[in-house]
Amino acid sequence: MDLPCPFSLCLTIKTRLQEEHERCLLYLDASTRKALIATAEKQLLERHIPAILDKGFTMLMDANRIEDLQRMYTLFSRVNALESLRQALSSYIRRTGQGIVMDEEKDKDMVSSLLIFKASLDTIWEQSFFKNEAFSNTIKDAFEHLINIRQNRPAELIAKFLDEKLRAGNKGTSEEELEGTLDKVLVLFRFIQGKDVFEAFYKKDLAKRLLLGKSASIDAEKSMISKLKTECGSQFTNKLEGMFKDIELSKEINESFKQSSQARSKLPSGIEMSVHVLTTGYWPTYPPMDVRLPHELNVYQDIFKEFYLSKYSGRRLMWQNSLGHCVLKAEFPKGKKELAVSLFQTVVLMLFNDAEKLSFQDIKDATSIEDKELRRTLQSLACGKIPKGRDVEDDDSFVFNDTFMAPLYRIKVNAIQLKETVEENTSTTERVFQDRQYQVDAAIVRIMKTRKVLSHTLLITELFQQLKFPIKPADLKKRIESLIDREYLERDKNNPQIYNYLA
């Protein structure tokens, strides 16, 4: 016989049990009540538990039926069947969550979907499952499983989700709402096993926000760093905190520079420049990009360099031209404007102070900007409103647009950003894996230095206990072999499964 839908069935069972209880009070001896109710529970409920769960538990969870799930929990507790309900919950979370995490076409919405899913589960746990600790642990275990079934990608997407929320431009979001979002994302972060992947992408995005002035709130940025520090310790956030220190120290250096004799006596007039002085070890690695700067900017850089090295002897300054941005004062026949542009855009635009028309090759020779970067720069300056033919060709020429007009006085000319390519993502991930190899090697040497002699099995076991990221036994074996080749370890002559530490 087919069972009715589960919420109707549970309601019917609850009603029938109540009726039996009332009949017992009215017509039967009190001593029979316990046995009667137990029999009724067995016939009406216990024997149907697998069918109830198979037929409708998923439907109740999907529809967020709080009261019906609460009724199911209460009834199941009467027949000691909460373990079956708990297992059904675990299976539901893993199955539903896997659909969210493994769907590559919906990667953009993965984190948002996981947050909504987790919030609904928390509500059900509080209101339907009466904050049962075993059910709370089930939710945590299931979430940890599903977030790590697709190695590395969820960690990367969580970092990018935070970048989106911490960027300037999130209008309509209050400080309190942003703080609440950070707390919710932190719950997902706790489940990540490969936190070093998260750290690499978070660091890369934080650097852009700080250097380009794109943070929605510095207080929110520091709050997030504090949360990560509480979760993972100071070593995890050391470089992130160092980036903030560099930004704050740079402000002091710039103020000191403006008051210096070099600035007062040598700086060209009409130019203001602010310099971020970055400590190499704290920030992501940026590929150097050559550019031939206008004379005025070269003079400014040389004067700043003279000041800085006189104050901090023994240091070396290396200019990162790809990170620079400027505000240019421009005079058009139809009015004066301020143009917020990148340094590369600045270099190109300033060529037209002395020329009305320049070919692509002229601009390339004058600026020395790398070919692909120059093409993107020219696209952003000349092709913004052209629906077709956006690519810059070798035989293209460019002229000053004397009919340019816009309602705003200050205009931001967005540089054409290449979307993060597979190669860039791979590069970031490869750096993480390289760092992991160093950590594995250090852990092996540390263990063997203490133990002197150890079997392969025991060494692998200790490594799993010490390492804070997922790694396969085969990869650990490769690192051990590497250390043997480099003569940090050697195999025992009588038993190749035993390693000796070479002092």
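A hairpin of 6 residues connects β7 to β8 in this predicted model, where strands (E, at least two residues) and helices (H or I, at least four) are DSSP runs numbered from the N terminus. The two strands, β7 and β8 (residues 498-501), run antiparallel and are joined by 3 bridges, two strands being taken as paired if DSSP finds at least two bridges between them. Within this pairing, L489 has Y501 in β8 as its bridge partner, while R491 stands opposite Y499 of β8. Residues are numbered from 1 along each chain as its sequence is written. Because the model is predicted, local features need pLDDT of at least 70 and side-chain atom pairs count only at pLDDT 80 or more, whereas totals for chains, interfaces and linings use all residues, and side-chain values use heavy atoms, with hydrogens and water left out.

Together, 3 strands form an open sheet with antiparallel pairing in the order β6-β8-β7, in which β6 (453-455) and β7 (489-491) are the edge strands, each pairing on one side only. From one strand to the next, the twist averages 30°, with axes defined as lines fitted to C-alpha atoms, for helices over the stretch in contact, and angles running from 0 to 180 degrees between N-to-C directions.

Two helices lie across strands of this sheet. Helix α19 (residues 456-466) lies across β6 and β8 and runs at about 90° to β6, whereas helix α20 (residues 473-485) lies across β7 and β8, at about 100° to β7, contact being defined by heavy atoms within 4.5 Å.

Helix α3 (residues 49-62) comprises 14 residues and reaches 19 Å from its first C-alpha to its last, close to the 20 Å expected at 1.5 Å a residue, the expected span being 1.5 Å times one less than the number of residues. A kink of about 50° in α3 is centred on G56, the bend at a residue being the angle between axes fitted to the seven residues ending there and the seven starting there. The buried residues of α3 include I49, I52, L53, G56, F57, L60 and M61, where buried denotes under 20% relative accessible area, exposed over 50% and partly exposed in between (1.4 Å probe, protein chains only). Just after α3, N64 adopts a positive phi of about 55°.
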